[in-house]
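Open the model in your viewer and keep the sequence panel beside it. We will walk from one selection to the next, with a word on what to look for at each stop.

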Amino acid sequence: MARSINRKMRHERLSQLIRQNPLLSDEELASTLDVSVSTVRLDRILLGVPELRERTRRMAEQATSKLRSLKQEEFIGDLLELEPNHWALSVLKTRQEMAFRHTEYIWDHYIYAQASSLAIAVVGADMVIVGSIRGRFKAPAKVGDVLMARAKVGVHKGNKYIVSVRTRVGEKEIFVGRYIVVALDSEAERKVRGERLDTGA
């Protein structure tokens, strides 16, 4: 009886961990749960949770299919979850070419660009721009870190949305941004693109 209770609690904890961080490997899950990797694999099968690679692929496909405000190639990082006008999740795997020269520290503009593109992507409109941002870098990122950014839409008034973005490396928060993004209608979009509004002779 105790064993089945423990298994149920472990399954709940495993599901919770994967919801919080879908990029956790079986090894990382095993370490957190203090069980063997084979136990985690069996638990995943019983719960119907695919392995990391398949999980990531499925999430990316589903999220990208809902993306309106950016093209996939314009997005910085990998979009993993998207519920338009509510929340979104992306990851950015850092590489040596993203670092300051001769260091392991990642240029801050990569961290900002990931967060900014996520703030735009979370709004379900064809054209979205950043109106303003208040951001704070709380800790540096290093080469090899996986940056996980979560965006959440708060107040929405007219065509303006307040979007908060938090970026973490593991459990450590490294960036917090509060964006005001604007969804443009077709006329405003054409102005931004520099097109003539008067098409008459």
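Start by selecting glutamine 114, which sits in helix H5; helices (H or I, at least four residues) and strands (E, at least two) are DSSP runs, numbered from the N terminus. Before going on, note that this is a predicted model, where local features need pLDDT of at least 70, side-chain atom pairs count only at pLDDT 80 or more, and totals for chains, interfaces and linings use all residues. Residues are numbered from 1 along each chain as its sequence is written, and side-chain values use heavy atoms, with hydrogens and water left out.

Is glutamine 114 buried or exposed? Its relative accessibility is 0%, so glutamine 114 counts as buried (buried means under 20% relative accessible area, exposed over 50%, partly exposed in between, with a 1.4 Å probe and protein chains only). Show its neighbours: leaving aside residues up to four places away in sequence, glutamine 114 touches Ile76, Ser90, Val91, Leu92, Leu147, Ala149 and Thr167. A contact here means heavy atoms within 4.5 Å.

**The main core**

Next, select Val163 and Val165, the residues with the most contacts inside the largest nonpolar core, which has 35 residues. Such a core is a set of buried Ala, Val, Leu, Ile, Met, Phe, Trp, Tyr and Cys residues joined through side-chain atoms within 4.5 Å. Two or more residues come from each of strand E1 (78-83), strand E2 (87-93), helix H5 (108-121), strand E4 (146-157), strand E5 (160-169) and strand E6 (172-183). H5 gives the most, with 6 residues. Around valine 163, among the residues touched beyond four places in sequence, you will find Ala119, Val122, Ala151 and Tyr179.

**Strand E2 and its partners**

Now colour E2, where 5 of the 7 residues are buried. On one pairing, E1 and E2 run antiparallel over 5 bridges (strands pair if DSSP finds at least two bridges between them). Glutamate 83 stands opposite tryptophan 87 of E2. The hairpin has 3 residues between these strands, and asparagine 85 in it takes a positive phi near 70°. E2 is also joined to E4, antiparallel, by 7 bridges; look for valine 91 opposite methionine 148 in E4.

**Isoleucine 174**

Move to isoleucine 174 in strand E6. With 1% relative accessibility, isoleucine 174 counts as buried. Draw a distance to arginine 136: the two C-alpha atoms are 8.4 Å apart, although 38 residues separate them along the chain. Beyond four places in sequence, the contacts of isoleucine 174 include Ile111, Arg136, Phe137, Leu147 and Val169.

Select helix H2 (residues 26-33), in which Asp26, Leu29, Ala30 and Leu33 are buried. They lie on the same side of H2, because they cover an arc of only 100° around the axis; the arc is that of the directions from the helix axis to the C-beta atoms. Just after H2, aspartate 34 has a positive phi of about 60°.

In helix H3 (residues 37-47), Val40, Asp43 and Arg44 are buried. These fall within an arc of 100° seen down the axis, so they line one face of H3. Turn to the face pointing away from that buried side to see the exposed residues Ser38, Ile45 and Leu46. Glycine 48 follows H3, with a positive phi near 75°.

**Last stop: confidence**

Finally, colour by pLDDT, the predictor's confidence in each residue, from 0 to 100. The protein's mean is 87, and 90% of its residues reach 70 or more. Where does pLDDT stay under 50? Select residues 196-201, for which the model has 5 contacts beyond four places in sequence.
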